[in-house]
Amino acid sequence: MTDYVAFGPIKCRVEVTGEIEHAHERLRKWLADLESLDAIVLTFAPDFQVEAIKPKAGRAVAAGHRKGMMTRHTAEHGLDMARQRESGSVVPEQPEPRQDPGKLEIQVAALFPTPVATAQLPEADRINAALKRLILEREAAQASTQHSNLGGWQSTWDFIDWGGPALQAVLKAGEALANRLTTDRQGRPARVEWKINCWANVNRKGHGNEFHTHPGAYWSGVYYVDDGGAGADPSLGGQLEVQDPRGVAPVMYAPLLAFAGPGGQALGAREMLQPRAGMMVMFPSWVQHGVRPYHGDGDRISVAFNLSV
Ligand SMILES: [Fe+2]
């Protein structure tokens, strides 16, 4: 009989206990969310007074900067009160120690960087005149190969056999640049006997290259023999477009936010490099890259090469 009478309250108590557990989980999640939001707020607004939204004089309920906002303190307080009710003890509330998060010393490590190097070659005028003549002669005699190119002409991979001293000068500079950019796993300079393959490209009005990578290589490089006037007039297009290798998820989630610091504003997006005659660009071969359409009336001529081990 007693069991029968107690059945209702027991069932009710089980349900209430479950509700309390659920409420605890939600409060813990809100607290974690607030920690994350504080970190973002203080990164972009170091002077923001986070403690200003804490309750006054040890009371549990306080108005936040935004009406109806549950502050961290009220959430913690709610959690504490729930715990106290559960254990049957009510402990006097202790004031939190005050600190100014805006004054924290922060160390930021640029983990997993993606190097994209540029260098202007000396004697570029002499090299470019010779390469332009050779490449245009070959274009007139040989059909284009087809890889990532959207229009334009791309040579076969035997460019090293007919590129002469001018191409050798470019490739020597490419190897030197790669050696400067490469270390062993302990950070010591590494000398690598690079295997090279290279080819020539000619883009004219409307031509570009779709996004691609260069599998099977460590470094990839491009050297601009002729920028087709785009170096002086960026409206002519033909930029080298490099995608953030970490993917687009960050910018899809929070398109108005970026990482503070060098390069952070392109988070999840892309960077454009304007071609300039005589300039070499080098990047890891796994980086997604493409070439924007060229709108000029000239010849946009480049040498592309891969360095593998
Ligand atoms: Fe490429």
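Trainee: Which residues of helix α3 are buried?

Mentor: In this predicted model, the buried residues of α3 are A124, I127, N128, L131 and I135. Viewed down the axis of α3, these buried residues fall within an arc of 90°, so they line one face of the helix. On the other side of α3, the exposed residues are D125, R126, R133, E137, A140 and A141.

Trainee: Which residues of the largest nonpolar core touch the most other members?

Mentor: As a general idea, nonpolar side chains in soluble globular proteins tend to be buried together. Here the largest nonpolar core has 38 residues, of which V170, V225, M280 and V303 touch the most other members. At least two residues of this core come from each of α3, α5, β4, β6, β7 (240-243), β9 and β11, and the largest share, 8 residues, is supplied by α5. Setting aside residues up to four places away in sequence, V225 touches several residues, among them N128, L131 and I135, as well as V303.

Trainee: Is S285 buried, exposed or partly exposed, and why?

Mentor: A residue is called buried if 20 or more other C-beta atoms lie within 10 Å of its own, and exposed if 12 or fewer do; S285 has 18 C-beta neighbours inside 10 Å, and therefore counts as partly exposed. S285 lies in the loop between β9 (279-284) and β10 (289-291), and its C-alpha atom is separated by 6.6 Å from that of P215, although the two residues are 70 residues apart along the chain.

Methods: Residues numbered from 1 in each chain as written. Predicted model: local features only at pLDDT ≥ 70, side-chain atom pairs only at ≥ 80, totals over all residues. Helix = DSSP H or I, 4+ residues; strand = E, 2+ residues; numbered from the N terminus. Arc of directions from axis to C-beta. Core = buried A, V, L, I, M, F, W, Y, C linked by C-beta atoms within 7 Å. Contact = placed C-beta atoms within 7 Å.
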